[in-house]
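Dear colleague,

I am handing over the structure below, and I would be grateful if you could look through it before reading the notes that follow.

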Amino acid sequence: MLRVDKSGPETSLRIESESELDLVYLRQIVRRQKWAIAAVAGLVASLGALYCFVATPQYTASAELLIDTQQARGLEVMPQLAGVMDSSGIDSQVQILQSGRIAMAVIKDLKLVEARKQRIEENGTSILSNTLGFVLPFLFRSAPLSDYEIERAQIDDFGDRLRVKRVGMSYVIGIDYKAPDPQLAADVANQLAEAYIVDQLEAKYQATRRASVWLQDRIAELRDQALAADRAVQDFKAKNNIIDTQRGLISDQQLSELNTQLITARTSVAEAEARYQRVNSIIKQGGVTGTSDEVVSDVLNNDVISRLRSQYLDAVKREADWSKRYGPDHIAVANLNSEIKGLQRSLFTELSRIAETYKSDLEIARARETSLTKSLEQLMAQAKLTGQAQVELRELESNAQSYRALYDNFLQRFMQATQQQSFPITEARLITDARRPLRASSPQTLLIVAGGLFAGLVLGFGVGLWRERMNRSFRLPADVERYLGLDCLGVLPLLPASATTPLPAGQSAFDSSVGIMRQATSDPFSRFSETLRSVKVSADVSIHSHSVKVIGIVSTLPKEGKSTVSANFAQLIAHSGQRCVLIDGDLRNPTLTRRLTPGRSVGLLELVFGKATLDEVSVIDRMTGLRFIPAVVPGDIVHTNEILASEQMSAVLDTLKRDTDYIVIDFPPLAPVIDVMASTHIVDGYVYVLDWASSNRDLVANTLQNAPKVYEKVLGCLLNKVDLKALRHLEDYGSKYYYHKYYASYGRDS
């Protein structure tokens with residue numbers, strides 16, 4: 001909006017945007033547009049009530065399904081296929097319940113398509129639908145629907161009537177179906193749950209069957225791979241001469257046994273060699289010393305040696321006894337000594353024979369040791385080759401075991417899957433059957449009417465806001481301040497029809513005491529008069545520095561009432577006893593002259609150009625003493641603005657100021673002509689007249705923006721032709737203009 005910024009050294013002109021939607025402004029909209037808001041709200045609420053009256057009642061039946069993952073776990077043969085279902089799993093089951101597959105199963109079971117066809121055949125095609133199909137074939141069709149189209153339409157209608165939702169965060173799924181028949185609604189809800197359970201069983205069966213077929217093919221493949229791996233192991237063992245027993249490889253067993261035998265043979269060699277060396281040492285010692293006592297311990301176990309030794313000891317004992325008894329020289333003693341020597345020779349002979357035997361045993365033991373050592377070396381060489389082959393053998397055996405384990409595992413799975421097909425188990429079970437509803441669920445009359453009323457209020461407020469935005473006129477004094485940045489000096493009420501009755505042709509308004517041109521004097525206590533008094537006070541305050549105040553009355557467009565305001569304002573000043581001159585400054589269309597002084601032949605032009613004197617051109621009102629200078633225009637004048645801006649015009653006003661207190665000039669409209677902009681040097685202030693609810697504020701703002709010097713001298717605006725009853729509904733109670741309605745009655749009631 002336009003505002004004068006006088007903070008700087010120069011006065012500048014700027015435009016502000018419209019007011020924001022604050023609470024005060026919204027309240028004002030409600031007050032101003034309350035009837036429009038009420039009308040729209042009532043219309044929408046009535047439409048809602050009408051819909052409730054004509055709509056077909058719909059009944060909603062509800063059933064509940066429980067997705068229990070623990071129910072089938074005890075009987076699951078393949079527990080790895082079952083698990084705890086999360087939130088997304090429950091949502092997936094909701095989507096399955098809403099799928100076309102389940103819907104088609106229910107439709108087929110309840111024969112809903114056949115029922116729809118029967119209704120279409122019974123109802124037939126209406127004349128209205130045939131007509132619309134003929135006139136608007138792209139929107140309506142009159143040809144009968146095919147079976148496929150009926151089926152698709154039934155599926156779409158089924159989906160629109162079905163509502164499936166999860167109950168809170170539980171595993172319970174609610175199924176709601178709406179239908180005009182309550183029994184049909186219950187049947188569909190129950191049948192939908194049954195179809196879902198059957199579909200789950202069928203899906204499990206198909207999944208298990210497909211798994212069984214795949215497992216069967218995989219088992220055959222794994223069996224061939226396991227057999228091939230086992231065959232490779234056996235071929236490798238035969239090729240590398242690897243014979244395995246329960247205790248390990250035969251080669252390992254032979255090596256262990258041969259090693260044991262070699263140790264035993266080496267022990268035998270050591271023992272034989274020790275015996276042989278001992279016997280040789282005894283023989284050598286006996287040959288030197290002639291004694292053979294050392295033989296006793298080595299040959300104790302030999303029968304021959306034992307017997308000879310017994311004889312020897314017995315002979316020695318007898319020889320000692322006989323030598324003591326008979327003397328050493330006795331023949332018997334000598335014979336015993338000979339016998340003893342013979343026994344010694346026999347002992348040594350036997351020892352020699354035993355020594356040869358020990359020698360033979362030693363050679364045999366050494367030969368056996370040598371043989372076992374060679375055999376052991378051969379087996380060790382063979383074991384090295386076998387050990388290298390066993391590395392590859394173990395890899396082949398590992399592959400064979402892996403294939404065998406896979407084969408056994410898949411075979412077990414196949415047996416489980418085969419048994420799983422015989423278990424009719426599903427996680428879903430119906431926990432609440434749908435019952436036949438007793439009351440219709442829709443339309444909900446109270447809710448729809450209340451919602452329609454609320455929506456109507458919102459829509460009505462939107463319409464009111466739109467009307468406010470589209471209405472670019474001035475309806476409130478605050479609008480003048482908001483959009484123009486000017487003070488509103490007051491509101492002039494719309495005068496009654498009796499006051500606006502036109503005068504007879506040729507009659508001057510000065511000749512009558514009543515009428516629109518005499519309103520300020522004929523009814524001095526009216527709001528009209530009080531408003532003009534406030535304009536005078538504002539003018540006095542604004543231009544107090546001048547001894548004579550030149551006030552121009554302007555408007556944006558013609559027929560906004562500026563001439564009426566000029567006449568009444570000037571009469572009001574003159575009626576108060578002050579000297580006032582009223583000048584008709586509209587040289588294009590002198591409306592004021594035609595009303596106050598019709599038939600005059602001289603006027604302002606003659607006065608300006610010096611062709612007549614002031615007394616010759618002016619007319620004095622006998623009732624108020626107002627001097628009026630008319631504008632007598634003989635024809636179209638091209639340069640009226642130059643006349644108003646001329647020095648002669650300034651000289652005329654200077655002459656009038658000597659004997660005058662106020663000069664009121666009625667100027668032409670500001671928008672169509674530029675005369676007002678040429679008068680800024682002779683006018684102290686302008687009073688801008690706006691036609692209430694008619695003057696376009698955008699036009700006014702642009703007009704004043706294009707005339708900044710005029711805008712600088714505007715004292716304020718007057719809202720003319722105001723409907724006071726309408727204004728009371730538009731104004732806030734806090735507005736200062738609201739209380740102007742008491743002007744006419746204040747002081748007269750007492």
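Two residues are taken to be in contact when heavy atoms of theirs lie within 4.5 Å. Please keep in mind throughout that this is a predicted model.

Thr521 belongs to helix 15, which covers residues 519–522, and its side chain reaches the backbone oxygen of Arg518 at 3.1 Å. The relative accessible area of Thr521 is 12%, and because the limit for a buried residue is under 20%, Thr521 is classed as buried.

As for the overall picture, the secondary structure of the protein amounts to 25 helices and 16 strands, and of its 750 residues 40% count as buried.

Two helix pairs were examined. In one of them, helix 4 (residues 100–110) and helix 8 (residues 182–239) have axes that come within 9 Å and cross at roughly 120 degrees. Since angles of 65 to 115 degrees count as roughly perpendicular and those over 145 as roughly antiparallel, helix 4 is therefore oblique to helix 8. The crossing of these two helices is right-handed. On the side of helix 4, the residues that take part are Arg101, Ile102, Ala105, Val106, Asp109 and Leu110, and they meet Asp187, Val188, Gln191, Leu192, Ala195, Tyr196 and Asp199 of helix 8. Sorted by class, this contact is made up of 8 nonpolar, 1 polar and 4 charged residues.

In the other pair, helix 1 (residues 23–32) packs with helix 13 (residues 445–470) at an angle of about 100 degrees, and their axes are 10 Å apart. Because of that angle, helix 1 is described as roughly perpendicular to helix 13. Here Tyr25, Leu26, Ile29, Val30 and Arg32 from helix 1 meet Phe461, Gly464, Leu465, Glu468 and Arg469 from helix 13, and the classes in this contact are 6 nonpolar, 1 polar and 3 charged residues.

As background, most residues other than glycine have a negative phi, and most peptide bonds are trans. The peptide bond that runs from Ser442 to Pro443, however, is cis, with omega near 0 degrees, and Pro443 is located in the loop between strand 8 (428–432) and helix 13.

Positive phi values occur at Lys559 and Ala693, neither of which is a glycine. For Lys559, phi is near 65 degrees, and the residue has its place in the loop between strand 10 (549–555) and helix 17 (562–575). With a relative accessibility of 77%, Lys559 counts as exposed. For Ala693, phi is likewise near 65 degrees, and this residue is found in the loop that connects strand 15 (685–691) and helix 23 (697–706). Its relative accessibility is 36%, so Ala693 counts as partly exposed.

With kind regards

Technical notes
Residues numbered from 1 in each chain as written. Predicted model: local features only at pLDDT ≥ 70, side-chain atom pairs only at ≥ 80, totals over all residues. Heavy atoms only, no water. Axes fitted to C-alpha atoms, helices over the stretch in contact; angles between N-to-C directions. Helix = DSSP H or I, 4+ residues; strand = E, 2+ residues; numbered from the N terminus. Parallel < 35°, antiparallel > 145°, perpendicular 65-115°, else oblique. Left-handed = near helix turned anticlockwise from the far one by under 90°. Nonpolar A, V, L, I, M, F, W, Y, C, P; charged D, E, K, R; others polar. Buried < 20%, exposed > 50% of the residue type's maximum accessible area, 1.4 Å probe, protein only. Polar contact = N/O pair within 3.5 Å; in protein donor to acceptor, adjacent residues only side chain to side chain.
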